[in-house]
Structure formats: C-alpha cells, structure tokens
Amino acid sequence: MRLTNIIAALVLLGLSATVLLGTWQLPYWADFAPGSSFTAFWVGIIGIVLALSLLVTAVMDDSTEPHSFPDRSGILRIVALTAGLWLLVLLIPPLGFVTASILFCLFLLLGIERRPIVPSLFTTVIVVGVVYGVFIAWLGIALPTGPLGI
Amino acid sequence: MDALASLANGFAIAMTPTNLLFVLIGVTLGQLIGALPGIGPSAGMALLLPVTFGLDPVTALVMLSGIMYGGMYGGTLTSVLVNVPGEAASVMTAIDGNQLAKQGRAGQALAVAAIGSFLAGIGSVTALVFLTPALSSFALNFSAPEYFLLALLGITATASLGTGSALKAMIGATLGLMIALIGTDPIQGTSRLTFGSLDLLEGIDFLPVAIGVFGIAEILVSMEQTQSGQVVRTRLKDMWLTGKDWAECRMAIVRGGFIGLLIGLMPGAGPTVAALLAYVVEKKASRHPEKFGHGALDGVAASESANNSAAHGAMIPMLALGIPGSASTAVLLAALVLLGIRPGPMLLTEQADLVWGLIASMFIGNVILLIMNLPLAPLFASVLRIPYSYLVAGILIVSLVGAYAISLSLFNVGLTLVFGMVGYLMIRADIPRAPLVLAVVLAPMMESALRQSLMLSEGSGVIFVQRPLSAVLALLVIGSLCLPLLSFLLARRAARRAGVAEALSHSPD
C-alpha cells in the first residue's frame, strides 16, 4: 500500500501543478472581484498540500500492509475488458451502436468470461433488445447507425 | 398542519397511475441493484438517470429515489444469503446475517431486516415531512457567504465523517474540484483548463463522472475474478418471527432508526456510517453482546434500520438546502438540475408538487418494499442465482448508451470510460469516491458563492464570519477539518500507551 500511496501522491502533485500552470495566464483578481484563476489557484494549492501530506505519511509509514491490486489473471481480465470497451467506442462510428454492442457482448461473454454459446447469444439478444426498446423506440434517442441501418 | 395538507396533496400526485407505476419500477430496480454485488444504489441511479429524460420531473424523481431506498432493502439479500454485501451500507448486515443463515435462520434475518427497514424508513420520511419545510424556511435567510460555507461543509464533513482515511477523502474531494474547474468560468466567461478542446468548453457533465466513477469502476473491480458464491436457500415459512425474536429486536430498530436519521441529516456521513454506528451502539446496548459477529438478530435489525433511515434522512438537506448529504442524494440533485429544476431553499415553494409528491411516494415505496421483502423475498433471492457475468454485459452497454444520451456525443462515452478507470484506480488506492462526486456537484455553487461573497466584501474574508449564521457555519467547517486530526492524535496516543503497556508486560522485572 505504501508504494500505491506514493504513486497517488505524485499523481495528485502532477495534477495540481497542471491546474496551477494551466490557469497561470488567467487573472487572479479582476478590478473588483476574484478572477478566473482565483479558485483554480486555491484548488491547486490545496492539492499540493494534500499530495505532500500523503507523500510524507507514505514515506514515514513502516507498516507492511500489502497493496490491493489483483493478481496477474485479475489484471489480465481488467485489461481485456477495458480494451474491449475502448474498442467498442472506436467501432461505434463505422458499425453503429447496436452492432458494436453485439460484438462487445459476445467478446465479453465468450472471450473473457468463457460462458457457453447459447446463453451468451440469449443474453446478447436481451441486452440489445433492452437498448433498442428503451433508448431507441421509447425515448427516441438517435444512436449512431452503421451500414445495416441500426 | 400546513405540512400535512401539503402531504395530502403529495399523495394525490404520487397516487396517479403513472407515478405509482414508476414508484414500483424504481423500488424493484433498487431492490435488484441493491442485491447485485458490485453495483450500489448511487451507481444504479447514475446508470438509469438517462432513462428518465423523457419523463415528467415528479415521475423521474420518484423512480430515482425508489432506486435509492430500494437499494437499502435489496443489499440485505446478498449480505444474508451470500455473505457479500450488495452495497456498502449492508456490510454490517453481512457479518451477523450470514451467520444466522448458516444456522438455518436466513428467513428470520431477512424478515427482521425488512421490518426494521420499513419502520425506520417510515419514521424517517415522517421526520422529512416536518423538518424539510422548517429547514427550508430557515435557509431563506442564507446569502452567498452562507451558501459557500454550507457547500464547503458538505465536502469537508464527507472527509471527516467518512469511514476511511480523512486525508484520502480530502484528496477525492480535491480531484472533484479539479474536474469541476474544467470549462468556461461561470462569472467571467473565459475558458479554463480546456487545453484547446472544444468538447471541454462546456465543462464536464456530471453523468459521465458518476457513471464512470461509480458504475464502470465497480464493474471493473467485480470483474477481477470470476464471481462465485453459494446462495443459501430460504423459504417463506422460515420468515415468521417469534415473540422472543420481536422482543429482542424492537428497541434495536428504534435505536437504529434514530441513529440513521441523525447521521443522514449530517452532510457527508450517509447510510454506511449510520449502519456501522448503529451496530456498535447496539452491541453496547445488547443483553448478549457476545452473540455479535456470530449471528445476532438485533445486530441485523439495528444496522438495516439505520441504513434505510439514513438514506431517507439525507433527503432533508438535499430538498431543503440543495446540499446533498450522500453520494445517492448527489445523483438525485444532479437529476433535478438535468430536469431543469433549480435546487435550494426555494424548491419547496417553487416546486411544491414535486417535493410533496416525492415525499408521499416514499411512504408508498416503503410499503411496496415491505411486501417485496417479506412474501416475495424467496423470489428475489432466486435472482442471485443468475451468473453475474451475464448481467455485466447489460449493465456496461446501458451505461455507455446512457452516457451517449446526455449530449448525443461519443466524447462523453470516452469520458465515462476514462472516469471508470479513474474510479477503479481510486478504489484500489483506497481513495473514497463519494467526496469526488459530491465535489463535482457542489463546486459550481461553491465557486459562484465564494466569488460573489468576495465581490461584496471587496476581497475581505471577514464576510465569512460577519453574520452569526455564517460564523457558526465557519466554525463547523473548522471543526470538521480538526476532527480527523484530533482522532489521529488520540489514536496515536492510544497506540503509544498500548505499546508502553506491552513493553512493560514483556519486561523481565
């Protein structure tokens, strides 16, 4: 957990620096009122103080509490699922939301979860049916369509 | 009397066929979402918020709030029958509830949880009827400094009253403030932290953050390993409580209900803290504290009464002040804004039908949930036998469609995934996510109020302590910041004393 905390502190330090540098050119005080960078400045400062506090606490921590990240197979499952989700987003413009969703469901159930094919197909039909019924037919939301027209 | 007349009007609104149907849909979804491990009521509400876009505001809110308190009931099923809390507020129920299930008393544990949740829920909604108008009219005296301090208190209290590290909760809140800074400055209209992106000019919507940080992140955690759990079977005839069971639990329900209401009223604490505190108090008050952890029916009664009471109690500051007290009420507040309604003390006068219709729907929803959790509990328990992986596919797709539906842009879908990964890393780094979501919701109001206050005072910070009301709020903010420091120092002192005592006991003399 110690290393996780040190990394978290460094990430927060980086984000706080980005907030400060990203709003540096904006006015802190404009004539009679706080300017656009007023809040950003204080949020950045609070971020730095908290990051340093976490860093000092983590460096001084001598406990041996293990990190809570999963083992190798767990990480592989997470990476595969995340990759699948990003691929889904990339496939939506050329294939349409519904078709890309069908592919994602099958990838998740057959590829990652290794479930039997019939229940996986049945689940995919139900999921796509719910999306079509609720969002397209009932709410009238125009989801991106592909070459198949859905 | 005014409140009762308004409540009667609220019942007339809540009892229309459409609203009754959506109360039923909301509580049923809440019951299912609460029962599913890996997805809590806040996540469920965020995921299903886009479904309410075409609905009348009252109908949308009765459904969303139904998910919120329905989740409190549903979480019991998984805690008792699988020993996995369906949502965080059922953690304490899992300890004794599953022990009872192993002793063949699952039915009694579920029955006492349902009855306790119902009685505490009805008590809490009754308090809501009388406290909301009083607090709302009191809040009409608030001006910009009080609003800034109240929003700040909402964030700092989340950190100090939460269950984990206060420092990490503050970090969560700061991340939320950073997210809220992105976009166009609300007062001067200049772009901030957009780094040239046109998509970021309007800022980051609340929904991609909530769906990502709560929904996607929780699913990523649950996907780390194949879900498997033995579901203990329960039958309807096992759910009868004996006179002895009832005598053992009635005071636990009363105590749990009161603790839940008080904790729910405090900004930031929420149902999880309420359940924890009620369990600890009940263990101290119980005639048989040795049973706690090994199957104490009164432990289940106390924690379940407290979490449902707190879920309803958190509605009081949300409806009266526009300040959400928990992650779920933050989602509800965001729903109000998305439906074009301005939250705050004027809500009760400007949207009386909406507020009273919502409150009345909670009475109805709790009755429906009691029926669902007594005679229909075995039916809902059978849902737990569906392999989780089949549900994950549906939840993920609906989440992404919901994120797309907000602004019909794939950019929001990408943002949802980014926040999903951020939420996952936060869970693994033990950084609480509720303060982040609360900060995203409260930040716009907080920033406007802060800058307006400083504009009025020409830059002097004295404005925040000038009026008695703001001075009290400022003291509460300072108190909420000092509380974690004080408990840290006390814990260190206690640890040092324990270390000295241990060293003395090991010394040869």
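I began with Gly47(A), which lies in helix α2 of chain A; helices here are DSSP runs of H or I with at least four residues, strands are runs of E with at least two, and both are numbered from the N terminus. The model is predicted, and local features need pLDDT of at least 70, side-chain atom pairs count only at pLDDT 80 or more, while totals for chains, interfaces and linings use all residues. Residues are numbered from 1 along each chain as its sequence is written, and chains are lettered from A and ligands numbered from 1 in the order in which they are written.

Is Gly47(A) buried or exposed? I noted that it counts as buried because it has 25 C-beta neighbours inside 10 Å (20 or more other C-beta atoms within 10 Å make a residue buried, 12 or fewer exposed, and anything in between partly exposed, with C-beta atoms placed from the backbone). Leaving out residues up to four places away in sequence, I found Gly47(A) touching Leu12(A), Leu15(A), Ser16(A) and Val19(A), as well as Thr174(B) and Met178(B), where contact means C-beta atoms, placed from the backbone, within 7 Å. I also looked up Gly14(A), which is 33 residues from Gly47(A) in sequence and 9.4 Å away in space, C-alpha to C-alpha.

I then turned to the contact between the chains, which takes 55 residues from chain A and 46 residues from chain B. On the side of chain A that touches chain B, α2(A) gives the most, with 10 residues. By class this side has 38 nonpolar, 14 polar and 3 charged residues, with Ala, Val, Leu, Ile, Met, Phe, Trp, Tyr, Cys and Pro counted as nonpolar, Asp, Glu, Lys and Arg as charged, and the others, Gly among them, as polar.

Next I looked up the largest nonpolar core, which has 215 residues, with Ala210(B) and Val437(B) having the most contacts inside it; such a core is a set of buried Ala, Val, Leu, Ile, Met, Phe, Trp, Tyr and Cys residues joined through C-beta atoms within 7 Å. Its largest share, 16 residues, comes from helix α6 (residues 106-139) of chain B. Domain 1 (2-60) and domain 2 (72-138) of chain A both give residues to this core, so it lies between them; the domain bounds come from an automatic or database domain assignment. The C-alpha centres of these two domains of chain A lie 39 Å apart.

Notes
Contact = placed C-beta atoms within 7 Å.
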